[in-house]
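The following exercises concern a complex shown below.

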Protein chains: 2
Amino acid sequence: MSRAPIRSGPTVVVDEARARANIARMANKARAAGVSLRPHVKTHRSPTIAGWLRDEGVEAITVSSVDMAVAFAAHGWSDITVAVPLNPHELPRCEMLTADGVKLGLLADCPSTAAMIVGAGFADLWLKIDCGYGRAGVRWNDAEGLAALVAPVAALSQKRAFGILTHAGQSYGAKGSVEVLRVHRESLERMAEARVAVAALAEREPLVSVGDTPTCSIADAFPGVDEIRPGNFVFYDLMQIDIGSCTEQDIALHVDCPVVGVRADLGHLVLHAGAVHLSKEALVDEQGATFYGMAVNEEGRLDPEQRIISLSQEHGLLKAPPSVLAAAQPGDIVRIAPVHACLVGDGLLGDQGNSGVTGNS
Amino acid sequence: MSRAPIRSGPTVVVDEARARANIARMANKARAAGVSLRPHVKTHRSPTIAGWLRDEGVEAITVSSVDMAVAFAAHGWSDITVAVPLNPHELPRCEMLTADGVKLGLLADCPSTAAMIVGAGFADLWLKIDCGYGRAGVRWNDAEGLAALVAPVAALSQKRAFGILTHAGQSYGAKGSVEVLRVHRESLERMAEARVAVAALAEREPLVSVGDTPTCSIADAFPGVDEIRPGNFVFYDLMQIDIGSCTEQDIALHVDCPVVGVRADLGHLVLHAGAVHLSKEALVDEQGATFYGMAVNEEGRLDPEQRIISLSQEHGLLKAPPSVLAAAQPGDIVRIAPVHACLVGDGLLGDQGNSGVTGNS
């Protein structure tokens with residue numbers, strides 16, 4: 001369990017070789033399938049790691065906030081889709097970005113937002129379609145909703161790209177490749193249906209953008225699709241293992257957490273790793289037990305007997321077997337695989353600078 | 001629902017008058033009870049708000065990381081307890097702080113850590129006692145564990161303060177003042193028992209420090225206690241309402257969230273407010289429904305019919321009644337009361353600078 005600590009607090013450790021392998025695999029798949037890869041950088045929000053995407057030929061990215069678009073534009077990215085419905089108060093900041101030469105894609109979920117984007121005249125327009133996830137967008141088969149959402153497109157300049165976009169987030173509820181591929185097939189069928197309807201309404205053929213890490217990891221073909229937007233695949237995590245998108249050998253982000261207490265009487269270690277580092281994103285096992293991370297042993301294998309069972313703001317409890325507890329001392333380092341790498345990033349990679357560290361496996 | 005937005009993205013709104021009233025109430029209670037108030041600043045991590053504590057006579061604070069100690073020392077705080085068990089790798093940073101004149105209290109959960117703090121010679125020593133919460137510390141009635149933890153104290157300079165410290169976090173599982181007061185009475189009895197044992201072992205009378213917002217908000221007397229360390233009371237939140245620590249009129253932190261989508265067909269709004277802003281800390285209602293925040297209406301009252309039922313990384317879904325959905329437009333601002341104000345702070349107050357805004361009610 002004990003490792004030499006890289007820094008004094010909990011530390012994100014990115015395995016560059018694994019991340020680059022994950023990126024190369026997805027880039028090759030996209031090329032073979034004849035679709036563009038526009039990866040979502042919300043997972044890492046790191047210009048360094050985005051550079052590894054560029055090394056595989058990626059030239060366009062997806063972000064989930066205007067803040068992120070501004071940050072990546074400052075690092076030379078000039079083709080960016082903001083893949084959440086536009087917050088109207090952020091339109092002026094978007095305009096400044098395009099004034100700086102960024103080709104910006106904005107997303108509309110409501111007719112008023114679509115009209116606003118068309119009227120502003122500087123951005124590509126993506127209409128958000130709900131293919132069954134039930135979060136944002138207009139349902140693929142809601143004829144009235146689609147008609148209202150598409151109406152403003154009549155005034156859209158031909159110089160602006162126009163498309164329909166979905167996130168089949170229901171794939172996160174799937175277990176195994178059969179279920180994921182069922183979600184994939186169903187959502188592509190629904191997008192094909194929406195594409196026909198939208199093309200007729202707009203009198204213009206829309207591009208089609210899809211993307212979520214489970215379907216993009218497991219499927220090989222994307223019929224009717226122009227671009228894919230997976231994000232998490234760069235790192236993967238316990239949630240993706242649970243779905244079946246990857247193996248433990250693909251996980252490229254861990255958090256090295258110092259032991260600060262040993263409670264052999266209760267069967268747990270106290271780690272310097274809390275909700276602000278790992279996030280409260282949880283998995284629930286087959287026995288109904290909730291956990292927030294899993295330890296990785298010296299051989300790099302996940303150890304299901306060592307799981308984070310509770311998270312306070314700055315520290316957490318790692319359930320561990322007696323042999324581990326007997327040997328543990330404050331100062332030991334436990335390497336943790338997180339449940340959801342995107343939210344780990346928010347505590348460590350993105351904001352606090354407690355990382356940037358990259359290792360090679 | 002609609003308000004003039006303060007900034008373009010989700011925005012923390014601190015009600016200074018309410019926060020100052022919450023602080024004054026706790027400060028008065030501590031004075032009346034004859035205990036010191038050493039508030040936990042992890043809730044806000046804001047030197048500005050810590051200044052409001054100082055205005056009520058507070059001179060000592062509690063933090064939950066060395067990072068936080070360094071940040072507050074830079075703002076003139078010179079009496080700081082780091083109330084998580086010391087991470088041994090951070091001892092050198094702690095020493096630098098004391099070299100700068102900070103009176104620093106460090107916490108030990110294990111004998112090796114206690115020996116390290118004593119040997120370092122520059123900090124006050126607090127021994128962590130578990131009064132039933134089952135997280136960190138040695139159980140109040142574990143004679144062997146206490147003997148091992150106290151042993152290094154023989155070498156502690158009399159110039160260094162010495163005490164026992166607990167966090168009765170089990171109060172967070174209580175509902176209503178009767179249950180909270182039962183936890184309070186029980187934990188003080190257990191601390192009294194530990195105090196007698198530790199005094200005999202150390203041949204020195206320990207100080208006694210306790211603190212959690214539920215018991216400190218509801219109880220008026222703290223027999224046998226030297227200092228209290230509540231933190232959340234400055235803002236309060238939905239979790240504290242659920243416990244019974246406060247009323248909705250005491251909540252001093254909200255997040256103003258722009259509407260970015262309207263899904264009348266599914267009964268929800270899409271808000272620009274995600275897990276990075278509100279955290280995935282949840283409450284579960286009596287029907288078993290999970291929620292992450294609740295809307296506040298124009299009159300400042302919580303509206304249980306408008307609750308955040310799902311959070312993605314950067315956006316969330318607000319369940320809302322048909323009348324609200326019919327009137328909603330992208331760009332409207334919904335004021336949200338968070339489940340756990342301390343973790344909101346981490347997304348907005350602490351790291352990203354999307355706030356600092358303070359209003360008056």
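**Exercise 1.** At what angle do helix H1 and helix H2 of chain B pack, and how far apart are their axes? Classify the pair and name the residues that meet.

*Solution.* The model is a predicted one.

Step 1. Helix H1 of chain B covers residues 16-33, and helix H2 of chain B covers residues 47-55. The two pack at an angle of about 45°, and their axes are 9 Å apart.

Step 2. Angles under 35 degrees count as roughly parallel, and those from 65 to 115 as roughly perpendicular. H1(B) and H2(B) are therefore oblique to each other.

Step 3. The crossing in which H1(B) passes H2(B) is right-handed.

Step 4. On the H1(B) side, Ala19(B), Arg20(B) and Ile23(B) take part; they meet Ile49(B), Trp52(B) and Leu53(B) of H2(B). By class, this contact comprises five nonpolar residues, no polar residues and one charged residue.

**Exercise 2.** Describe the packing of H1(A) and H2(A) in the corresponding terms.

*Solution.* Step 1. For helix H1 (residues 16-33) and helix H2 (residues 47-55) of chain A, the packing angle is about 45° and the axes lie 9 Å apart. H1(A) and H2(A) are therefore oblique.

Step 1. H1(A) passes H2(A) in a right-handed crossing. The contact involves Ala19(A), Arg20(A) and Ile23(A) from H1(A), together with Ile49(A), Trp52(A) and Leu53(A) from H2(A).

Step 2. Five nonpolar residues and one charged residue form the contact of H1(A) with H2(A), with no polar residues.

**Exercise 3.** Are H3(A) and H4(A) roughly parallel or roughly perpendicular to each other? Determine the handedness of the crossing and the composition of the contact.

*Solution.* Step 1. The axes of helix H3 (residues 66-73) and helix H4 (residues 91-99) of chain A come within 10 Å and cross at roughly 15°.

Step 1. Angles under 35 degrees count as roughly parallel. H3(A) and H4(A) are therefore roughly parallel to each other.

Step 2. H3(A) passes H4(A) in a left-handed crossing. Val66(A), Ala69(A), Val70(A) and Ala73(A) of H3(A) meet Arg93(A), Cys94(A) and Leu97(A) of H4(A). This contact has six nonpolar residues, one charged residue and no polar residues.

**Exercise 4.** How many residues of chain B are in contact with chain A, and which elements of chain B give two or more residues to that side?

*Solution.* Step 1. The contact joins 47 residues of chain B to 47 residues of chain A.

Step 1. The elements of chain B that give two or more residues are strand S4 (79-85), helix H5 (111-120), strand S11 (253-263), helix H10 (275-278) and helix H12 (341-347). S11(B) gives the most, with four residues.

Step 2. By class, this side of chain B has 18 nonpolar, 17 polar and 12 charged residues.

**Exercise 5.** What pLDDT does chain A average, and where is the pLDDT below 50?

*Solution.* Step 1. Chain A averages a pLDDT of 93, and 94% of the residues score at least 70.

Step 1. The pLDDT is below 50 over residues 350-361 of chain A. That stretch has 33 contacts in the model beyond near neighbours in sequence.

Step 2. Where pLDDT is low, the predicted coordinates should not be read in detail.

Step 3. For the complex, the predictor gives an ipTM of 0.91 and a pTM of 0.92.

Conventions
Residues are numbered from 1 along each chain as its sequence is written. Chains are lettered from A and ligands numbered from 1 in the order in which they are written. This is a predicted model: local features need pLDDT of at least 70, side-chain atom pairs count only at pLDDT 80 or more; totals for chains, interfaces and linings use all residues. pLDDT is the predictor's confidence in each residue, from 0 to 100. Two residues are in contact if their C-beta atoms, placed from the backbone, lie within 7 Å. Ala, Val, Leu, Ile, Met, Phe, Trp, Tyr, Cys and Pro count as nonpolar, Asp, Glu, Lys and Arg as charged, and the others, Gly among them, as polar. Axes are lines fitted to C-alpha atoms, for helices over the stretch in contact, and angles run from 0 to 180 degrees between N-to-C directions. Angles under 35 degrees count as roughly parallel, over 145 as roughly antiparallel, 65 to 115 as roughly perpendicular and the rest as oblique. A crossing is left-handed if the near helix is turned anticlockwise from the far one by less than a right angle, and right-handed if clockwise.
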